[in-house]
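Visitor: I would like to learn how to read a structure feature by feature. Where do we begin?

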Amino acid sequence: MGGNIYAATFAQNPSLMTIGDGVTLNSVPGHINGVWVVQQSPGTFLALDLTCTHQGCPVSRQGSEFRCPCHGAIFSASGAHVSGPGNGPLQSLSVCGDSTGAYITG
Ligand code: FES
């Protein structure tokens, strides 16, 4: 990944400041279907690639889950494979955060 860091600042993504709320980032290099980032607890973030692990369709967030429109796979809020076709959890990215936002490193 070349050590690149993608910054999702609170200034540009205010919903990231709310615990349990999140944002879809559409311009993270190498993640064409977007990346979901959420602040799970103060200062702890989760970043998931929104590509279905079955055949690569983009999944969308519905309620607290992610659903794939192609063949019906369902993933949990943390990206775990819940049901339907799929080959494991959604890919998680390395992410850290501070008082200014979340920073994706992988
Ligand atoms: S590509 Fe997502 S369920 Fe088939």
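Guide: Begin with one bridge. In E11, Gly101 is the bridge partner of Asp98. Keep in mind that this is a predicted model.

Visitor: Which strand pairs with E11 here, and in what direction do the two run?
Guide: Strand E10, residues 95-98, is joined to E11 by four bridges, and the two run antiparallel. A hairpin of two residues links E10 to E11.

Visitor: What is the bridge partner of Thr9 in E11?
Guide: Gly101 is the partner of Thr9 in E11. Four bridges join E1 to E11, and this pairing is antiparallel.

Visitor: Now the aromatic rings. How many aromatic pairs does the whole structure hold?
Guide: A search finds two. For each pair, read the distance between centres, then the angle between planes. Phe10 and Phe45 have ring centres 6.3 Å apart and planes at 35°, so this pair is tilted. Phe10 sits in the loop between E1 (6-9) and E2 (22-25), and Phe45 in strand E4, so the pair ties together parts 35 residues apart in sequence. Phe10 and Phe45 are both buried.

Visitor: And the pair of Trp36 and Phe66: what is its geometry?
Guide: Edge-to-face, at 6.1 Å centre to centre and 70° between the planes. Trp36 belongs to strand E3 and Phe66 to strand E6 (residues 65-67), so this pair ties together parts 30 residues apart in sequence. Both Trp36 and Phe66 are buried.

Visitor: Which residues touch the most other members of the largest nonpolar core?
Guide: Leu16, Leu25, Val35, Val37, Phe45, Ala47 and Ile104, out of 14 residues in that core. E2, E3, E4 and E11 (101-104) each give two or more residues to this core. Another core, of 13 residues, lies apart from it; Leu46, Leu48, Cys52 and Val59 are among its members.

Visitor: What surrounds Phe45, beyond its sequence neighbours?
Guide: Set aside residues within four places in sequence. The contacts of Phe45 then include Phe10, Leu16, Val37, Gln39, Val95, Gly101 and Ala102.

Visitor: Gln39 is on that list. Is Gln39 buried or exposed?
Guide: Read the relative accessibility against the cut-off: buried means under 20%. Gln39 has 7%, so Gln39 counts as buried. Gln39 lies in strand E3, residues 35-41. A polar atom of the Gln39 side chain is 2.8 Å from the backbone oxygen of Leu16. Not counting residues up to four places away, Gln39 also touches others, including Met17, Ile19, Asp21 and Thr44.

Visitor: How does Thr44 count by relative accessibility?
Guide: Partly exposed, at 37%. Thr44 is in strand E4, residues 44-49. Apart from neighbours within four places in sequence, Thr44 contacts Val38 and Gln39.

Visitor: What separates the C-alpha atoms of Thr44 and Val95?
Guide: 8.6 Å, although these two residues are 51 residues apart along the chain.

Methods: Residues numbered from 1 in each chain as written. Predicted model: local features only at pLDDT ≥ 70, side-chain atom pairs only at ≥ 80, totals over all residues. Heavy atoms only, no water. Buried < 20%, exposed > 50% of the residue type's maximum accessible area, 1.4 Å probe, protein only. Polar contact = N/O pair within 3.5 Å; in protein donor to acceptor, adjacent residues only side chain to side chain. Contact = heavy atoms within 4.5 Å. Phe/Tyr/Trp six-rings, centres within 6.5 Å; stacked < 30°, edge-to-face > 60°. Core = buried A, V, L, I, M, F, W, Y, C linked by side-chain atoms within 4.5 Å. Pairing = 2+ DSSP bridges.
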